[in-house]
Amino acid sequence: QQLHFSDSTSSKVTMADDKKNDDVVNGGEALKENEEEANDTPAAVAEEGDGGDEVEAEAGEDAGEGGEGGEGDEGGEEATAGETKKKKKKRKKKKKKKSASANGDGTAAAATTPAAGGTPSQKPHGRMLNDTAFTDYFLKYNQTNPPTIPVSTLFESKNIEYPEGEITPHPLESNTYRITSAEKRAHERMQSDIYSKVRQAAEVHRQVRSYAQSFIKPGIKLTDMCQMLENKNRELIQEDGLRRGIGFPTGCSLNHVAAHYTPNPGDDTVLQYDDVMKVDFGCQIDGRIIDSAWTVSFNPRYDPLLQAVKEATDMGIKTAGIDVRLCDVGEAVQEVMESYEVEIDGKTYPVQCIRNLNGHSIGPYQIHAGKSVPIVKGGDTTKMEEDEMYAIETFGTTGRGYIVEDLECSHYMKNFHAPHVPLRLPRSKKLLSHINKTFGTLAFCKRWLERPDGGSAAVNGTNGKQEKYMGALKNLCDVGIIQPYPPLCDIKGSYTAQYEHTIMLRPTCKEIVSRGDDY
C-alpha cells in the first residue's frame, strides 16, 4: 500500500512539473484553460459521452490490477486516480479548444449566455396563428433566445429605427389626398418622437408575446404564465416606473369569461387542452399604450370560432379611419362575425358578437380615452379623428352574446378624473400614495401589490409589498377614487374568443402598430 501511495504521489509531482513546462511553452492560453477547468460542471463531464465511458473502463481495469485483498483494491483505485484525472483533463482541453475557436474570442461565455441572432424556426403550441408565426422570430434582430436584450439596445445602439406597423390608406374618397399632401407629411414629421415611442412599445409587445407563445401550453399554471410574461415585459422594456413598463395586468380569461380576469394570489388554475384562453396584455412608454390580444386554443374544434373573431377584427381595422363613423365599424364587424358557426360536441352554435363589449380610443396614460368602437350595428355616429389611437377589438361567443360582471375582482384602476376626496383611514392614504407613484392612472392587480417591489422595482426597490391592503382598497373603491373591473362573463358552458390590435390614425395613413408575423 505504501508503494502504491508513493508511486501515485511521485506521478502527481511529475505531472505538475510537466504541466508547468506546458504553461511556460503555451503561455496565457494554458492558464485560461486551467481557469475553465476549475469552473467545469458535471454537465460538461457528462457531455464527453463515449470518451467518459472509456475512462471509467480503464479506471476499472487498473483498479482490478491493484491487489487481490479489499485493502489492495482500494490502494489500486487511489493509485489510478491521478491518471484518470489526467485523461479527463486532456479530453476537456480538446473540447474547450474547439468551442473557443467556434466562439472566436476564446471565452466560455456562450455556455451561459444565449447566443444572439439566427434563423427563426420554432413554432407556437397554439392554433390559428399565421403560418409565418415563430416563437423565436426576434432572432432576425440579433436578439437572444429566450430574449434578454432590451429592445432599445437592439435598435437605438445601432442607430436603427423601430419597425413600422402595417401601413394602409384611410378609407373614404375624401381622404385620398392625404397620401401625397406635403402639409400632412410635415405634420407627421413633427410627431416622429411620439411615433418612435409607440413603435418601440409595439416591438416589445411582439417579442414578449412571441416568447410567451413558446411556453403557453396545456398544464401550465396561469399564475406562472402571467409572471413569466410580465417579468419578460419588464426586462425588454427596461421598466422604469411610469416612464416605461407594463400597460395593464395580463388578462388570461378562460372559456365563458371574456375579459378582465387575471389570477389573484393563491389562484392555482391550470390551463387545459380544451380551454379557450384570451391573452391580453399591454406595454407603455411615456404613457403611450400598446393594447393587443389573441386567443389561445389547442383543440381544432374551436378553429371556426377563432377564425370568425380574427377576420372580424381585421374587417374592423380595415373599415376604421379618419372621418369614419364608429357605428359603421361595428356594422362591418358584425356582418363578418355572424357569418360563421361552430360545431362543439355534435351541436352547432352560431358565432355571435358580444354586443356590450367594445373597442376604445387610447390616450396618454389612459387606456379608455372616451370613445367606444362598437362591434354591432346601430351605435354612436361620432367620427374618428386625425392623430387618434384606437384599440380595435372584437369578441365572439357561442353563448347569448351579452356579458355581465361576475367572479372575484382582480383588475383595478385609478379614475383618470378622480375627485379629491379626504380620506380618514391611514391605510387608505398609504395605499393611495403607493398607487399614485407606482401606477398612476394605469391599471393594476392584486398580484402586483403583493410583489416585493409592489409593482415597480424602479420606484419601490424591494420594499414595496403591501400588507393588509384589502380594507383600504375597498375604501378607495367606495369613495370613487379607484374603479374595480371584475371579470366579464357570458353564460357558463359557452366559449368566447378575442383578437385585438392598436392602430394610429396618422395624417397620411393608418398604421396598425401592433401587427406582427403571428396575427
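A salt bridge is a side-chain nitrogen of Lys or Arg within 4 Å of a carboxyl oxygen of Asp or Glu. In this predicted model, a search of the whole structure turns up 26 of them. Let's look at a few, and then at the nonpolar cores.

**Salt bridges between distant parts of the chain**
- Asp-286 and Lys-197 pair through their side chains, with N and O 2.8 Å apart. Asp-286 sits in the loop between strand 5 and strand 6, while Lys-197 belongs to helix 8, 89 residues away.
- Both partners are partly exposed: Asp-286 has a relative accessible area of 28%, and Lys-197 also has 28%.
- Glu-388 and Lys-371 form another salt bridge, at 2.9 Å from N to O. These two residues lie in loops on either side of strand 11, 17 residues apart.

**A salt bridge within one helix**
- Asp-478 pairs with Lys-474, their closest N and O atoms being 3.0 Å apart.
- The two are separated by about one helical turn because they are 4 residues apart in helix 15.
- Asp-478 is exposed at 54%, and Lys-474 is exposed at 52%.

**A salt-bridge network**
- Glu-164, Glu-188, Arg-199, Arg-506 and Glu-511 are joined in a network of salt bridges.

**Nonpolar cores**
- The largest core has 92 residues, and Ile-216, Met-277, Trp-294 and Met-384 touch the most other members. Helix 8 supplies the largest share of this core, 9 residues.
- Apart from this core lies another of 19 residues, including Ile-246 and Leu-432.
- Met-384 has contacts that include Ala-320, Lys-371, Tyr-390 and Leu-505.

Conventions:
Residues numbered from 1 in each chain as written. Predicted model: local features only at pLDDT ≥ 70, side-chain atom pairs only at ≥ 80, totals over all residues. Heavy atoms only, no water. Core = buried A, V, L, I, M, F, W, Y, C linked by side-chain atoms within 4.5 Å. Buried < 20%, exposed > 50% of the residue type's maximum accessible area, 1.4 Å probe, protein only. Contact = heavy atoms within 4.5 Å. Lists of a residue's contacts leave out its neighbours within four places in sequence.
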